[in-house]
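Reader: Please present the structure, and then let us discuss its fold and side-chain interactions.

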Amino acid sequence: MTAIGPRKTTADTKKLRDVMLPTTSGPRRMMSEAEVRAVVPVSRSTLWRMEREGKFPPATYISANRRVWFEDQIIAWQNQIDGFSPYRRRGNRRRAQPDQPVAPS
């Protein structure tokens, strides 16, 4: 199968791929998009964007129109997610960093 465009490979993507390597030789459970979205509460477009940016495990195409994720990769991704950060970007604004002054409203 031909890729649509070149995939960007960053250091974070490589680390994520190394964490997600299978550790057993048995069959791996495959999850459909609906099953993944039941576990990860994001929209379809957010899931696609996270995958494209290397922030989520890449899907595997098992046929021309069917893509799946491996359950062990999803579990590894969940285990590596950072906890709540008060400085994480949300919405249209970004919270001020501790060493930066807050802009007047």
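Predicted model: local features only at pLDDT ≥ 70, side-chain atom pairs only at ≥ 80, totals over all residues.

Reader: What share of the contacts in the protein between residues at least 6 apart in sequence joins residues at least 24 apart?

Author: Contact here means heavy atoms within 4.5 Å. Among such contacts between residues at least 6 apart in sequence, the share that joins residues at least 24 apart is 47%.

Reader: In what order do the elements of the protein run from the N terminus?

Author: Helices (H or I, at least four residues) and strands (E, at least two) are DSSP runs, numbered from the N terminus. The protein has four helices and three strands. Their order is α-β-α-α-β-β-α.

Reader: Is serine 32 buried or exposed?

Author: Serine 32 is found in the loop between E1 and helix H2 (33-39). Leaving aside neighbours within four places in sequence, serine 32 is in contact with Arg66 and Trp69. Buried means under 20% relative accessible area, exposed over 50%, and partly exposed in between (1.4 Å probe, protein chains only). Because its relative accessibility is 14%, serine 32 counts as buried.

Reader: Which residues are linked with Arg29 in a network of salt bridges?

Author: A salt bridge places a side-chain nitrogen of Lys or Arg within 4 Å of a carboxyl oxygen of Asp or Glu. Arginine 29 forms one with glutamate 35, with the closest N and O atoms 3.2 Å apart, and another with glutamate 71 at 3.5 Å, N to O. Arginine 29 lies in the loop between H1 and E1 and glutamate 71 in helix H4 (residues 71-80), so this pair ties together parts 42 residues apart in sequence. The residues linked with Arg29 in the network are Glu35 and Glu71.

Reader: How many residues apart in sequence are the parts that glutamate 51 and arginine 67 tie together?

Author: The side chains of glutamate 51 and arginine 67 meet in a salt bridge (3.2 Å, N to O). Glutamate 51 lies in helix H3 (residues 44-52) and arginine 67 in strand E3 (residues 66-70), so the separation of the parts tied together, in residues, is 16.

Reader: What is the relative accessible area of phenylalanine 56?

Author: Rings of Phe, Tyr and Trp (its six-membered ring) pair if their centres lie within 6.5 Å; planes under 30 degrees apart count as stacked, over 60 as edge-to-face and the rest as tilted. By this rule the count is one aromatic pair. Phenylalanine 56 and tryptophan 77 form this edge-to-face pair, at 4.7 Å centre to centre and 75° between the planes. Phenylalanine 56 is buried, because its relative accessible area is 1%.

Reader: Over the face of which residue does arginine 28 lie?

Author: A charge sits over a ring if NZ of Lys or CZ of Arg is within 6 Å of the ring centre and within 35 degrees of the ring normal. Arginine 28 is 3.9 Å from the ring centre, over the face of phenylalanine 70.

Definitions and conventions: Residues numbered from 1 in each chain as written. Heavy atoms only, no water.
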